[in-house]
Amino acid sequence: MNSIQTAPALEQEGNFFEILEGIGKKRFYPKNAIILNEGDPSSFLYLINSGRIKVYLSDEQGHEIVLNIMEEGEYFGEMALMDNRARSASVMTLENSQLTLISKEDFDKCLSDHPELISSLILGLIGKIRNANKKIGSLALMDVYGRVASALLQLAREHQGRLVIEKKPTHQEIANLVGASREMVSRIMHYLAEGGYISYDEKKRIILNERP
């Protein structure tokens, strides 16, 4: 389940996003657009203003593992700007998305003008490392059923006292997240719904229910 941030942490993160958004340039990307490829040079930090993207690795045979799914209010690309190395993963839009692009020069100047934002950046990096550790642990230690359940919990957000996945991922997207086949994920989702662990509302959102 997602860790709960304290109010000061949330406020600090909001300030970080707001300040950077003011110095960047907005760009629209249609669904399934490649934003950057693994190995690309480090040119920009990206803020997600709207839409949804996936961060992933793929091989020459087209096999894919999704490292993360990100949405409005999140950002990516900061690690490559900080260590001046090539991009470590590829990024693609899952739906029409608007992003704000901040150049390395503007990024460095912003941190120089607002040194208090460095702590927000560090906390964000720590959060990503923690999530990566959880993913590695789940892939190594959990069966597919457990990995699917863990992925659903990570995608869910609390809404009016319930855990809700607002933008329902496809079974293939979940399969890429957990390193399993789409057919296996479809069966597990069916079992979860049949057992009352998940349900769907009129907006086709996934509702995570307490154990019946």
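In this predicted model, Glu158 stands opposite Leu163 in strand 10. Residues are numbered from 1 along each chain as its sequence is written. Because the model is predicted, local features need pLDDT of at least 70 and side-chain atom pairs count only at pLDDT 80 or more, while totals for chains, interfaces and linings use all residues.

**Exercise 1. Identify the strands with which strand 10 pairs.**

Solution. Helices (H or I, at least four residues) and strands (E, at least two) are DSSP runs, numbered from the N terminus. Two strands pair if DSSP finds at least two bridges between them.

Step 1. Strand 9 (residues 157–159) is joined to strand 10 (residues 162–165) by three bridges, and the two run antiparallel. Two residues lie between the strands of this hairpin, where Gln160 takes a positive phi near 50°.

Step 2. Strand 12 (residues 206–208) also pairs with strand 10 in the antiparallel sense, over three bridges. Here Val164 stands opposite Ile207.

**Exercise 2. Describe the order and pairing of the open sheet of four strands.**

Solution. Step 1. The strand order is 2-7-4-5, with antiparallel pairing. Strand 2 (34–36) and strand 5 (64–71) are the edge strands, each pairing on one side only. On average, neighbouring strands of this sheet are turned by 30° against each other, direction ignored; axes are lines fitted to C-alpha atoms, for helices over the stretch in contact, and angles run from 0 to 180 degrees between N-to-C directions.

Step 2. Within the sheet, strand 4 (residues 52–58) and strand 7 (residues 90–93) run antiparallel and are joined by four bridges. Tyr56 stands opposite Ser90 in strand 7.

**Exercise 3. Determine where helix 6 lies and which of its residues are buried.**

Solution. Step 1. Helix 6 (residues 171–178) lies across strand 4 and strand 5, running at about 110° to strand 5.

Step 2. Buried means under 20% relative accessible area, exposed over 50%, and partly exposed in between (1.4 Å probe, protein chains only). The buried residues of helix 6 are Glu173, Ile174, Ala175, Asn176, Leu177 and Val178. Six of the eight residues are buried, so helix 6 is largely enclosed by the rest of the structure.

Step 3. Gly179 follows helix 6 and has a positive phi, near 70°.

**Exercise 4. Characterise the surroundings of Tyr145.**

Solution. Step 1. Tyr145 lies in helix 5 (residues 144–155) and is partly exposed, with a relative accessible area of 36%.

Step 2. Contact means heavy atoms within 4.5 Å. Not counting residues up to four places away in sequence, Tyr145 touches Ile188, Leu192 and Tyr197.

Step 3. Tyr145 and Tyr191 are 46 residues apart along the chain, and their C-alpha atoms are separated by 9.7 Å.

Note on methods:
Heavy atoms only, no water.
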